[in-house]
Amino acid sequence: MTDDLSNLFDNNRRWATETEAREPGFFSRLLQQQTPQYLWIGCADSRVPANELVDLLPGELFVHRNVANVLVHSDLNALSVIQYAVDALQVRHIIVVGHSNCGGVRAALTNARAGLVDNWLRHVQDVRDAHEGFLAGLDVSLQVDALVELNVLEQSRNVCRTTVVRDAWQRGQQVVVHGWVYGLHNGLLEDLRITVGGPDDVGLAYDTALALVKQRYRQAQAAL
Ligand SMILES: [Zn+2]
């Protein structure tokens, strides 16, 4: 194994040159401002690169990633990202994105011990425990992806409940919260249809999206 990371610098120089050649003035324009319309809250998994899979350039997507795309009410890091995105950058959409076969969710589901991260994944276990009966009715092969989707719904609702988003809605700022899931197997995003544009929509959007997730997995279970 080599400690030489020169290949990354080579790649970087080539990327910068190609980007500037394709769009002259690209970097000097970005220097002036960033005006992303979207905040992406996703998993840290290396197979889910936010910008690439929605084909957006630097400057177009504000990104926060952590293990298993969790949004905890006391996480000052994530809350600061949301606050800057909403208040300063005025993003129009906040998208929580889970992904199939998530290692963090799998560990949470199966009580696998990995160290400090177990404490973080306890939040996903809370989601698991809240839907224990539903998950128990599914085959093991379906449980991870089902919990991935339940976790997206839960974390999306948490975003809606932050003071930042509540305050934005109260002052009439347009911010829409979405929950999506990304398929590692096919590279496609799917909308879980928890789409919330105001405080009065949270409950119904969550309940409707939850019913859809449950219906889909029960059908998958029946088809096994
Ligand atoms: Zn993951």
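In this predicted model, Ile41 stands opposite Val96 of strand 3, and Ile41 also stands opposite His64 in strand 2.

| Strand pair | Sense | Bridges |
|---|---|---|
| Strand 1 and strand 2 (residues 61-66) | parallel | 6 bridges |
| Strand 1 (residues 38-43) and strand 3 | parallel | 5 bridges |
| Strand 3 and strand 4 (residues 176-182) | parallel | 7 bridges |
| Strand 4 and strand 5 | antiparallel | 3 bridges |

In general, the strands of a sheet pair through backbone hydrogen bonds, and they do so either in the parallel or in the antiparallel sense. As to burial, strand 1 is mostly covered, with 5 of its 6 residues buried, and strand 3, which spans residues 93-99, is likewise mostly covered, with 6 of its 7 residues buried.

## The nonpolar core

The largest nonpolar core has 54 residues, and those with the most contacts inside this core are Ile94, Val105 and Leu147. Helix 8 provides the largest share of the core, namely 9 residues. When its neighbours within four places in sequence are left aside, Val105 is in contact with Ala68, Val124, Val144, Leu147, Val148 and Asn151; Val105 is also one of the buried residues of helix 5.

Which residues of helix 5 are buried? In this helix, made of residues 103-110, they are Gly104, Val105, Ala107, Ala108 and Leu109. An α-helix has 3.6 residues a turn, so residues three or four places apart point the same way. The buried residues of helix 5 pack against strand 1, against helix 6 (117-130) and against helix 8 (140-161).

Two packed helices are described by the angle between their axes together with the distance between the axes. For helix 5 and helix 8, the axes come within 9 Å and cross at roughly 105°, which makes helix 5 roughly perpendicular to helix 8. At this contact, Val105, Arg106 and Leu109 in helix 5 meet Gln143, Val144, Leu147, Val148 and Asn151 in helix 8. Sorted by class, the contact between the two helices has 5 nonpolar, 2 polar and 1 charged residues.

Just after helix 5, the residue Asn111 takes a positive phi of about 60°, although Asn111 is not a glycine. Asn111 is placed in the loop between helix 5 and helix 6. Why does Asn111 count as exposed? Asn111 has 10 other C-beta atoms within 10 Å, and a residue counts as exposed if 12 or fewer lie within that distance.

Asp55 is another residue other than glycine with a positive phi, here near 55°. Its place is in the loop between helix 3 (50-53) and strand 2, and Asp55 is exposed because 7 other C-beta atoms lie within 10 Å of its own.

Lys214 lies in helix 10, which spans residues 202-222. This residue is partly exposed, with 17 other C-beta atoms within 10 Å, a count that lies between the limits of 12 or fewer for exposed and 20 or more for buried. Lys214 and His178 are 36 residues apart along the chain, and their C-alpha atoms are separated by 18 Å.

Notes. Residues numbered from 1 in each chain as written. Predicted model: local features only at pLDDT ≥ 70, side-chain atom pairs only at ≥ 80, totals over all residues. Helix = DSSP H or I, 4+ residues; strand = E, 2+ residues; numbered from the N terminus. Pairing = 2+ DSSP bridges. Contact = placed C-beta atoms within 7 Å. Core = buried A, V, L, I, M, F, W, Y, C linked by C-beta atoms within 7 Å. Axes fitted to C-alpha atoms, helices over the stretch in contact; angles between N-to-C directions. Parallel < 35°, antiparallel > 145°, perpendicular 65-115°, else oblique. Nonpolar A, V, L, I, M, F, W, Y, C, P; charged D, E, K, R; others polar.
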